[in-house]
Each structure stands twice: as C-alpha cells, then as structure tokens.
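Please open the model in a viewer and keep the selection tool at hand.

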Amino acid sequence: LIIRAIANRDLDATVAAIVSNRSEAPGLRHAEAAGIEARYLAPRAYPDRDQYDREIVEVLQARGVGLVCLAGFMRLVGPSLLDAYPNRILNIHPSLLPAFPGLDAQRQALEHGVRLTGATVHLVNGELDAGPIILQSAVPVLDGDTVDTLSARILIEEHQLYPEGIRIVLGGAWSVEGRRFVRLRS
C-alpha cells in the first residue's frame with residue numbers, strides 16, 4: 001500500500017528497501033515488481049533477536065533509511081532497532097488500540113462483541129502495540145460479520161490511514177509528550 005500510494009503521488013516519499021522476516025511476505029513480491037530492493041532475513045539465521053535487529057539496522061542504515069514502516073512484521077522490535085530509529089518506526093494495526101493488541105485483533109473484536117473496531121497507525125516502542133497513536137479510523141462491526149468480512153473492511157481503512165500517518169511523520173511538525181503524539185500548530 002505504501003508503494004502504491006507513492007506511485008499514485010498520494011505520498012511524497014521513497015521506499016529504499018523492503019526487509020521481511022517471512023520469505024513468503026507479499027511485500028517482497030510487490031517490492032521486486034516495483035524495482036525496489038527486497039530482502040528476506042531469516043530470524044533463525046541469527047543467534048538471538050538482538051543480532052537479528054542489528055542486521056536490520058545495518059541494512060537500513062546502509063540505504064539511508066530515515067523512517068521505518070512496519071507492515072505485517074510479526075515480531076517485537078528490540079532495543080537495537082528502537083535505539084537506531086527513536087520515534088522513527090511506524091506500525092499499522094487492525095484495531096482501535098489500545099484495544100486488541102497483538103495477533104488476531106479482528107477475531108478478538110468479534111469475540112468481545114464490540115460494535116466499533118478499526119485501524120491504528122502508531123509509533124513503535126518496546127511494548128506490543130503500545131506506542132503513541134498517530135491516527136485512528138473506526139470501522140463498525142456488523143451483525144453477521146466474520147473475521148474475513150471485518151478484516152476486509154478494516155484493510156480498506158488501513159490503506160487510507162497508513163500513507164496519511166507516514167505523511168504526518170515525514171512532515172515533522174509533531175512531538176511526543178508522554179504517551180501522546182502531538183501535532184504542532186504553525
């Protein structure tokens with residue numbers, strides 16, 4: 001979705017590289033099709049999570065990356081990566097955080113019986129889906145929804161929300177105050 005937003009000129013940015021912890025990640029194929037370097041780094045090839053994160057930092061810094069955008073990256077980000085990119089790592093999550101962090105957020109929303117869920121763009125910190133919230137968009141949970149139908153509606157919102165969150169962060173007129181992401185007025 002980020003590559004498409006840039007191609008459609010909805011986002012003024014450049015994707016330097018795609019790095020994935022899953023060899024079958026669709027983002028790798030999308031990157032290759034767009035002529036963007038795509039790297040699979042197998043977590044098991046490294047002795048521990050810190051070494052893995054250090055390798056990611058090396059790959060990113062060698063390509064001059066200034067902002068890291070996670071999408072489908074199903075691992076906690078460790079201190080090495082967080083320290084290299086303080087308040088410069090974003091994530092998109094399919095719920096209105098802090099509700100339903102982690103895996104299967106749509107299933108959690110359905111099982112909980114909520115009437116609203118959604119999508120959240122947030123800064124990444126050392127806790128699971130707990131960084132300062134940049135943007136959120138609500139999606140109604142409809143009677144008869146399944147994980148698939150709810151996921152599809154949330155995905156539509158994610159495709160709108162993530163490029164906007166990236167645009168805000170790249171714009172630079174913001175700060176973090178405590179746990180809050182604050183947009184600064186000019």
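Contact here means heavy atoms within 4.5 Å. This is a predicted model, in which local features need pLDDT of at least 70, side-chain atom pairs count only at pLDDT 80 or more, and totals for chains, interfaces and linings use all residues. Residues are numbered from 1 along each chain as its sequence is written, and side-chain values use heavy atoms, with hydrogens and water left out.

Select Ile 134 to begin. Leaving aside residues up to four places away in sequence, Ile 134 touches Leu 90, Val 121, His 122, Leu 123, Gly 165, Ile 168, Val 169 and Phe 181.

Next, consider the largest nonpolar core, which has 25 residues. A nonpolar core is a set of buried (under 20% relative accessible area, 1.4 Å probe, protein chains only) Ala, Val, Leu, Ile, Met, Phe, Trp, Tyr and Cys residues joined through side-chain atoms within 4.5 Å. Select Leu 90, Ile 134, Tyr 162, Ile 166, Val 169 and Phe 181, the members that touch the most others. Helix H6 gives the most to this core, with seven residues; helices are DSSP runs of H or I, at least four residues, numbered from the N terminus.

Now display helix H5 (residues 105-112) beside H6 (residues 147-171). Their axes, lines fitted to C-alpha atoms over the stretch in contact, lie 9 Å apart at an angle of about 120°.

Technical notes
Axes fitted to C-alpha atoms, helices over the stretch in contact; angles between N-to-C directions. Helix = DSSP H or I, 4+ residues; strand = E, 2+ residues; numbered from the N terminus. Buried < 20%, exposed > 50% of the residue type's maximum accessible area, 1.4 Å probe, protein only.
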